[in-house]
Amino acid sequence: MDSFIQLLQGFETALTWWNLLYCLIGVTIGMLVGVLPGLGPTTATALLLPITYSMEPVTAIIMLAGIYYGSLYGGTITSVLINTPGEAASVITCFDGYPLAKQGRAGTALGVAAIGSFIGGTVSIIGLAFIAPPLAKLALGFGPPEFFALIVVGMLMVIGLMGKSLIRGLISALLGLILALVGMDTISGAVRFNLGQDFLMNGLDFVTITMGLFGLAEVLIGLEERMNAGKPAKVKGLLPRRDEWKPTLKAIGRGTGLGFLIGLIPGSNSVIPAILSYSWEKKIAKDPSRFGKGAIEGVAGPETANNAYSGSALIPLFTLGIPSSPTIAILFGAFIMHGLTPGPTLFQTNPNIVWAIIASMFIGNLILVIMNLPMAGMWGKIAMIPTKLLYPIILIFSVIGAYSVNNNLWDIWIMFIFGIMGYLMKKLDFPIAPLVLTFVLGELLETSLLQSLIYFNGNVFGFFQRPISGTLLVISLLVLIISIFTSLKKKRGILASDVEM
Amino acid sequence: MRNAGVWAGALLLGFAGFIFWQSLSFDYYTVRGPGPGFLPLWLSGVLIVISLVYIWEAIKKEVIVFKQILPKGRALGNILSMLGSIIIFMIVISYAGFVVSAVILLFIVLVREFKWYSALGISVVTSIIVFLVFNSLLGIPLPVNALGW
Amino acid sequence: MKNSLKFVIAGLMIMSLFASGCANQSNSNSTGASQNSEKYPTKPIELIVPFAAGGGTDLVARALAESMKTELGKDVVVINKTGGSGAVGMNEGLHSKADGYKLTMATREIVSLPLLELAPFKTSEFTFVGNVNRDPAVLVVSSKSKFKTFEDLVADIEAKPGKLKFASAAAPSIYGIPFAQAANLDFITVPFQGAAQAVIEVLGERAEFGLYNPGEVTAQIKSGDLRPLAIMAEDRLEGDLKDVPTMKEKGINVGWAGTFRGLAVPDNTPDEVVKILEDTIGKAVKDQKFIDFMAKQNLFIDYLNAGDFEAMVEKDMKAMDPIVQAAKKQEN
């Protein structure tokens, strides 16, 4: 009850016209960076942080937080329309969002994503407001062994998900993991596989690789098929068909719960809930073969999950003072810059500020859903721009996106190479998503593995002596065994859906 | 050898072998625990095995011939012109700055589908707008020529 | 054809509309470098922090950047470049253009990493501009832990050699090794990327203890989640931690172990630029806002000008030698 009154007071602060304006600016910039490939929320918050120095602390953090959760709405748009994720969390949305757009249902995909994002985002903020402190304490039980196990389960499920062949999925995933090793090792400091080049010392960048593998490769494939490509279908409606409402809302419900729980784990990222949600949806669907061909639940679940994650990921920050992702780390910096110390004492020392920020997140989500629902149709029309114009524009954005990562021309060459690689992979029917996902999680996988083994004195069975990591690893072993078995028996087509937990 | 799958497999095998060989130069195990060579050695080792399985599959089970997957005629032209345009872009940008090279990049791709004057118009307008948005507004220092663009 | 053109123009207009939204924002900040040859600095300066956002070095850098901005009249933008226990960021700072627009936060790792052969540069390749902060390490345990005093912990490590875990904020630990050497202890060091991650391990009781800088654990000590047992310094600290004994009081002659934080630039940076930066730092550390911030975070200001900082770094290179030898022995 106490929280409720404080939240109302928070609304009082957040609803002043000045704060409303900055909330609007924040979420708009968030949408923009989500849409623009290359520019991510981390870069955007970092770029705008200095501008906020002269603002009131509340106003500054309201705006920066707006960029953070706004970008998750924006990232969906490019995934659905041009099969290029605007930021990492939207990789999964490509699987079913893009096929939907090809069927002329881009509006529906975007509409459902917006509704799901709103519900997921709002529920997780309610969670942030009311049950944060007790839950955050539980999250401390998650250490390196648990992270390692969680990543392994996630990766194996992705490999099980993609494409027709286990072998090709595995190859793609292993390539991603190996590419993630390039550069300086985080544990020992040894520089690996940089081919003697200084610019590779910091490793390959996620944005550069995705711009190449998704953006450029998509353009290359498109240029080739253009001759026989039909006219893009009309964008009709924003809402799912009547019979799709029930499964959609259920997927949104599951995505909300999943995203919320994963956000509580310090060190997790918004990609993990999206993957888990997708595989969950596919597992429980009556007809899993629809997935990858435009299943509406495949958009609703993951999009909801990553937005639900965005709210609850602030819980470790507000209650423990621990930033759990790079963007949140910059928000953390903003708190510090304005003389606030995130941590267990924050709710006591600066209640007016915290509650105003939480209240503004409700408002921001409302603005975003209003911005997205009617405009989804407008964004959807971009899919109707003739490809002969759209492709050159994607091309120029990919080039700038790759360049802006480090302001370095080398990154454009790297993107170029990955573009050709992506093109060849598509030609040979290698799935690309496992590569990108394992690349994102590779560093965390290695550090958590090495840290765990140090904890266990090098004893691999230590993982199985801890309940959470043990259970997760047993599940992943089962997934692997069943996938190998089914692919040997050539029953993969029928059983593929059953092995993904 | 017209089997594309075998070539891809051989490429993978070579890559995995290179990583494996490189990994040997890092510590596999240190007193503190597994070293920087630990994971790459395992990953590339597994990749070597899987590449071999893939090559076997490509020969015995699913034969993909180059003819099936390589683009022909106009499609090949489209692809080569785009790849070429990026290479020219990269060469020109250090001298002429972003705007000029972006116009060239877009023009090469667009001219295949549009009349030359439309292609030029679209290229120039797009390049300038993109430059203004990213360079001036978002503060990304795009390479410029002596005149500042 | 006409239709398609319309779409492009509409698309581009939407784009520019959005962009103008943030234009009003960023105009005040950076409208590119002005072309005329004014006095340094003519454009925003980047400050590389080789550690994750939220760590002690990051806090000092952000506060310092803010005060430097007031002095210089240009933005000082903090950029976190993590990896290799700080080597990645420092290396990038060293190999950037020596024009004073990319500064590097120099911490004690700038001395230790080259000695350990873990960095692709030498300490002497940097010019040290000024030191702003020096913090001793503080030993903490979870408040749920059975260790109530420093003696409890030491006794238990001695009773179970090679069993207790120390969650280190970096690898190799320049706090853990001198502690183990001075007290003749044997414990396992688990390396993490920065103190923020390592502290979670202590809070979650997977690691028995940690050695961090006071600023990195103040929030958790104040909230009662962590218990400080001892500090690695000659004298007790002032402020919130004044009741925490030194290791020396407890009979372990570890001397001072901790970190310093200052600014460095590549050594071919023009002298006049270094001079301007040195003066700026000298004034920034006297900025009341900076002083208040540092006090609140339990970060201790210790200003050294360019000459004194350089001398201190050279002294530390010698002091670090036994630690480096121990770390190398562990490697092999």
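Predicted model: local features only at pLDDT ≥ 70, side-chain atom pairs only at ≥ 80, totals over all residues.
## Where chain B meets chain A

Salt bridges come out at 0 across the interface of chain B and chain A. The contact itself involves 61 residues of chain B and 55 residues of chain A. Together the two chains bury about 5,400 Å², and 84% of that sits on carbon and sulfur atoms. Leu43(B), Met82(B) and Met90(B) put in 11% of the area that chain B buries against chain A, more than any other three residues.

Which elements of chain B supply at least two residues each to the side that touches chain A? They are α1 (4-23), β2 (33-34), α2 (38-60), α4 (73-110) and α5 (116-137). The top contributor is α4(B), with 19 residues. Sorted by type, the residues on this side of chain B are 46 nonpolar, 9 polar and 6 charged.

## Chains A and B on their own

Chain A has 22 helices and 2 strands. Of its 501 residues, 69% are buried. Take the contacts in chain A with a separation of 6 or more, and 78% of them come from residues 24 or more positions apart.

Chain B has 149 residues, 50% of them buried. Its secondary structure consists of 5 helices and 2 strands, and from the N terminus on the order is α-β-β-α-α-α-α. For contacts in chain B between residues at least 6 apart in sequence, 55% link residues at least 24 apart.

## The nonpolar cores

The largest nonpolar core holds 262 residues, and the members that touch the most others are Phe318(A), Ile358(A), Phe98(B) and Met68(C). There is also a second, separate core of 54 residues; among its members are Met184(A), Leu113(C), Phe150(C) and Met320(C).

## An enclosed helix in chain C

The buried ones in α3(C) are Ala87(C), Val88(C), Gly89(C), Met90(C), Asn91(C), Gly93(C) and Leu94(C).

What covers these buried residues? From chain A, the cover includes β1 (183-184). From chain C, it includes β1 (45-49), β3 (102-107), α4 (109-115), β4 (126-136) and β10 (258-266).

## Two residues up close

Ser172(A) belongs to helix α9 of chain A, which spans residues 166-180. Is Ser172(A) buried or exposed? Its relative accessibility is 0%, so it counts as buried. Leaving aside residues up to four places away in sequence, Ser172(A) touches Met425(A), Pro431(A), Ile432(A), Pro434(A), Leu435(A) and Thr438(A).

Glu310(C) sits in helix α11 of chain C, residues 306-319. With a relative accessible area of 28%, Glu310(C) is partly exposed. Again leaving aside residues up to four places away in sequence, Glu310(C) touches Phe126(C) and Phe128(C). Along the chain, Glu310(C) and Phe126(C) are 184 residues apart, while in space their C-alpha atoms are 9.6 Å apart.

Terms used. Residues numbered from 1 in each chain as written. Chains lettered and ligands numbered in written order. Heavy atoms only, no water. Contact = heavy atoms within 4.5 Å. Buried area = accessible area lost by both parts, 1.4 Å probe. Salt bridge = Lys/Arg side-chain N within 4 Å of Asp/Glu carboxyl O. Helix = DSSP H or I, 4+ residues; strand = E, 2+ residues; numbered from the N terminus. Nonpolar A, V, L, I, M, F, W, Y, C, P; charged D, E, K, R; others polar. Core = buried A, V, L, I, M, F, W, Y, C linked by side-chain atoms within 4.5 Å. Buried < 20%, exposed > 50% of the residue type's maximum accessible area, 1.4 Å probe, protein only.
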